[in-house]
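Please work through the following exercises on a protein model. Each task is followed by a solution in steps.

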Amino acid sequence: MSEKIKLPKALIVTAYLFIIAGWLTVIGMVVSLFFDRLEINFGFIGIFVGRGLLRLDESWRKGAMFFVWLLLIACPVMVISMFVDPTEWKFVIGRNEWYAESVLQIMIMYGIDSTLFVVALWMRQVLLRPDIINSFSMSFDRKMADELSSKWQDNVSG
């Protein structure tokens, strides 16, 4: 009774971006332990968000939208704070700290931030596309129909 719904490619890409970001967060947390630092980052939730998107779970689509909006708000805030004092921004790799000391380094950070913002905008568009929203609701309807059908069969046979 349950037939597979063909997932749109844009949704698959969005889900895998969440999964990759989640695993990169996990790797970062593990690497930080080797440098005597305990780093707790909730980005690992991206693994579950991506899996939920691939399963067409509506609650994970809403969770994905929450994280996308968080990124859409954070990116401009980071750009504004970089304009105020770009030398305060640093990247930490192991025990090494990398500060933005030159114009090129500052431009690289602006580029990374802008890229994240554009990707988040694209992900928002994907998650709000009517065909994708319908895929989530069709999946929910099918799950409910399968559940009711199995309960009905259990009642009839038992």
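**Exercise 1.** Classify the accessibility of Arg129 and identify the salt bridge that Arg129 forms.

*Solution.* Step 1: Arg129 has a relative accessibility of 30% and therefore counts as partly exposed; buried means under 20% relative accessible area, exposed over 50%, and partly exposed in between, with a 1.4 Å probe and protein chains only. Step 2: the partner of Arg129 is Asp131, and their closest N and O atoms are 2.8 Å apart. A salt bridge here is a side-chain nitrogen of Lys or Arg within 4 Å of a carboxyl oxygen of Asp or Glu. Step 3: Asp131 is partly exposed too, at a relative accessible area of 38%.

The structure is a predicted model, in which local features need pLDDT of at least 70 and side-chain atom pairs count only at pLDDT 80 or more, while totals for chains, interfaces and linings use all residues. Residues are numbered from 1 along each chain as its sequence is written, and side-chain values use heavy atoms, with hydrogens and water left out.

**Exercise 2.** How many salt bridges does the count come to, and how are the residues of the others placed?

*Solution.* Step 1: the count is three salt bridges. In general, side chains of opposite charge can pair when their charged atoms come close. Step 2: Arg37 is bridged to Glu39, with 3.4 Å between the closest N and O atoms. Arg37 is partly exposed at 30% relative accessibility, and Glu39 is partly exposed at 29%. Step 3: Glu58 and Arg61 form a salt bridge with an N to O distance of 3.0 Å. These two residues of helix α3 are three residues apart, so about one helical turn separates Glu58 from Arg61. Step 4: Glu58, at 25% relative accessibility, is partly exposed, whereas Arg61, at 9%, is buried.

**Exercise 3.** Describe the order of the elements and the span of helix α3.

*Solution.* Step 1: the protein contains five helices and two strands. Helices (H or I, at least four residues) and strands (E, at least two) are DSSP runs numbered from the N terminus. Step 2: read from the N terminus, the order is α-α-α-β-β-α-α. Step 3: helix α3 covers residues 58-84, a run of 27 residues. From first C-alpha to last, α3 reaches 40 Å, close to the 39 Å expected; the expected span is 1.5 Å times one less than the number of residues. Step 4: the buried residues of α3 are Arg61, Gly63, Ala64, Met65, Val68, Leu72, Cys75 and Met82. For the protein as a whole, 28% of the 158 residues count as buried.

**Exercise 4.** Which geometry does each described aromatic pair have, stacked, tilted or edge-to-face?

*Solution.* Step 1: rings of Phe, Tyr and Trp (its six-membered ring) pair if their centres lie within 6.5 Å; planes under 30 degrees apart count as stacked, over 60 as edge-to-face and the rest as tilted. Step 2: a search of the whole structure gives three aromatic pairs. Step 3: Phe42 and Phe44 have ring centres 6.5 Å apart and planes at 35°, so their pair is tilted. Phe42 is exposed at 57% relative accessibility, while Phe44 is partly exposed at 28%. Step 4: for Phe66 and Phe67, the centres are 5.4 Å apart and the planes stand at 70°, so this pair is edge-to-face. Phe67 is partly exposed at 27% relative accessibility. Step 5: ring pairs join Phe42, Phe44 and Phe48 in a cluster.

**Exercise 5.** Over the face of which residue does Arg61 lie?

*Solution.* Step 1: the criterion places a charge over a ring if NZ of Lys or CZ of Arg is within 6 Å of the ring centre and within 35 degrees of the ring normal. Step 2: Arg61 lies over the face of Phe136, 6.0 Å from the ring centre.
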